[in-house]
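Trainee: I'd like a close look at one residue and its surroundings, please. Take your time and walk me through it.

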Amino acid sequence: MATAKTLVAERMRDPEATRFKQNFQAYRTKQGDYIVCGTLNAKNAMGGYVGYKPFYVRMRNNQIEAFKLPSETDEYNIMLNNVRKTCSDAAAGMLMVGS
């Protein structure tokens, strides 16, 4: 979890200000990747926190292979629903990833 938090925070505008909730779930795929689902709050370009949002990260060899986080402009919750579905599929063991 520590590696996932570090790698995700590095992708944020202000890594040191990124806040994570402790509701992480981690899954291992049949291909050996790790799926980590959680919730974070990060700062926007104006320097204000945007509110907690769910995220998904797929890791392989301690590197991020895929990362999803709804943006402030996700007006129709398309990415939000995508993150939730991906995490739900991972929890059910139904997530298939390419090599």
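Predicted model: local features only at pLDDT ≥ 70, side-chain atom pairs only at ≥ 80, totals over all residues.

Trainee: Where in the fold does Thr39 sit?

Mentor: Thr39 belongs to strand β3. Numbering starts at 1 along each chain as its sequence is written, and side-chain values use heavy atoms, without hydrogens or water.

Back to Thr39: because its relative accessible area is 12%, it counts as buried (under 20%; exposed is over 50%, partly exposed in between, with a 1.4 Å probe and protein chains only). Its side chain makes a 3.0 Å polar contact with that of Asn23 (N or O atoms within 3.5 Å, one able to donate a hydrogen and the other to accept it; sequence neighbours count only if both are side-chain atoms). Leaving out residues up to four places away in sequence, Thr39 touches Asn23 along with Arg19, Phe20, Lys21, Tyr52, Lys53, Pro54 and Phe55 (heavy atoms within 4.5 Å).

As for the strand, β3 covers 34–41 and, like α1 (2–10) and β4 (53–60), gives two or more residues to the lining of the second largest pocket. Tyr34 and Val36 are in that lining, as are Met1, Thr3, Ala4, Ala26, Gly32, Met59, Arg60, Asn61 and Asn62.

Key. 1 Å grid on protein atoms, 1.4 Å probe; cavity = no way out; pocket = protein on both sides within 12 Å on 5 of 7 lines; lining within 4 Å. Helix = DSSP H or I, 4+ residues; strand = E, 2+ residues; numbered from the N terminus.
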